[in-house]
Amino acid sequence: MSANGIAAVAESYQKFNPRAYLQNNYMPPRANFTSEEFAVPWKLRCLADAFATGEICGRTLIDIGTGPTIYQLLSACDYFEEIVATDYLEVNRAEIQNWVLGEDSSCFDWSPYIQYTCKIEGNGEPWKEKEQKLKKKLRRILPIDVHQAKPLGSSLSQPADALVSAFCLEAVSPDRPSFDRALRNVTTLLKPGGHFLMIGALDESFYLAGEAKLSVVPVSEADVKESFAKSGYRTRNFCSYVMPPSLKIGVDDVQGIFFIHAQKIA
Ligand SMILES: C[S@@+](CC[C@H](N)C(=O)[O-])C[C@H]1O[C@@H](n2cnc3c(N)ncnc32)[C@H](O)[C@@H]1O
Ligand SMILES: O=[N+]([O-])c1ccc2c(c1)CN[C@@H](CO)C2
């Protein structure tokens, strides 16, 4: 079933509209920075706290399924020389490229995210400095397919020191076996002992992005932990967020969000 399922996923993503996706998930009400009871501040806090230990660092970090968003890279950019963004769709890679180049005035405004991240990191870093730092480190934006044994093809010379991924694997896998295979595939991109920070949807079955209605394989906390253990990771930290009714706005049926910090067993 998975092969046909994967082809159906690829077909459904042809209608994915980055702007609609950003509107649904990264504008109010979900982009409410007034309290950590809201989803976006919770995600940024998880990432900031994970990097603040200084334990997750190195030359290269790869973001799996970047999409049209950069929030997931804001706290990482102090700890890596190079950040590699990846996505299956050219329209999403172009959104990131346009943001990096900063020429297109219609770019999505990430400044509230950058300002909030600087605030919770507490280093007094001016947000425009963080913005420029990330843009400078985002030197490669590559095509990726997590269902391939070599997700980046031959684009990668050596394994990355760390991986980040947000709302990708469960949103592109028709079932649990393909989710597990995709996790094994992307694990080949990570060095032994390397860290993987993943954010994802709990118990979600679909989400909307303009004309596209994307299927999501519902995963529970236990499912996620089991998948990582089967792919050769030790779970360092796991936390989850329950979606409040005020943020259930019809763009998906997500019930919660998970954050896992896992380390690839050397
Ligand atoms: C729900 S979006 C997540 C976007 C972003 N990371 C975020 O945090 O909002 C899922 C992303 O997975 C990408 N994608 C679709 N099929 C994929 C595949 N086979 N391999 C890797 N990424 C894929 C989509 O283009 C989309 O950008
Ligand atoms: O609440 N949020 O901040 C938020 C952000 C992104 C996404 C969701 C929720 C739920 N759906 C996923 C796609 O499967 C994308």
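When I say buried, I mean under 20% relative accessible area; exposed is over 50%, and partly exposed is in between, all with a 1.4 Å probe and protein chains only.

Before I go on, a word on what we're looking at. This is a predicted model, so to speak of local features we need pLDDT of at least 70, and side-chain atom pairs count only at pLDDT 80 or more, while totals for chains, interfaces and linings use all residues. Residues are numbered from 1 along each chain as written, chains are lettered from A and ligands numbered from 1 in the order written, and side-chain values use heavy atoms, with hydrogens and water left out.

OK, rings. Rings of Phe, Tyr and Trp (the six-membered one) pair if their centres lie within 6.5 Å; planes under 30 degrees apart are stacked, over 60 edge-to-face, and the rest tilted. That rule gives 21 aromatic pairs here. Take Tyr71 and Tyr113: they make a tilted pair, 6.4 Å centre to centre with 45° between the planes. What does that pair link? It links distant parts of the chain, 42 residues apart, with Tyr71 in the loop between β1 (58-64) and β2 (80-87) and Tyr113 in helix α5 (residues 111-121). Helices (H or I, at least four residues) and strands (E, at least two) are DSSP runs, by the way, numbered from the N terminus. Tyr71 and Tyr113 are both buried. Back to Phe108 and Trp110: their rings are tilted too, 4.5 Å centre to centre and 55° between the planes.

Now the ligand. Which residues come nearest to ligand 1? Of the 22 around it, that's Tyr21, Tyr26, Tyr71, Asp87 and Ala166, where "around" means a heavy atom within 4 Å. For polar contacts, think of a pair of N or O atoms within 3.5 Å. Asp87 puts a polar side-chain atom 2.7 Å from a ligand oxygen, and Asn92 has a side-chain N or O atom 3.1 Å from an oxygen of ligand 1. Ala166 uses a polar backbone atom, 2.8 Å from a ligand nitrogen. Altogether, the protein covers 98% of the 590 Å² of accessible area that ligand 1 has on its own; those areas are Shrake-Rupley with a 1.4 Å probe.

Next, the strands. Two strands pair if DSSP finds at least two bridges between them. β1 runs parallel to β2, with five bridges, and Leu61 has Ile83 in β2 as its bridge partner. β1 also runs parallel to β4 (residues 160-166), with four bridges, and there Ile64 stands opposite Ser165. How covered is β1? Mostly: five of its seven residues are buried.

The Pro28 to Pro29 peptide bond is cis, omega near 5°, and Pro29 lies in the loop between α2 (18-26) and α3 (39-52). Phe167 isn't a glycine, yet its phi is positive, about 55°; you'll find Phe167 in the loop between β4 and α7 (169-172). Asp203, in the loop between β5 (190-202) and β6 (206-209), also has a positive phi without being a glycine, about 50°. Are these two buried or exposed? Phe167 is buried, at 19% relative accessible area, whereas Asp203 counts as partly exposed at 40%.

Note on methods:
Polar contact = N/O pair within 3.5 Å; in protein donor to acceptor, adjacent residues only side chain to side chain.
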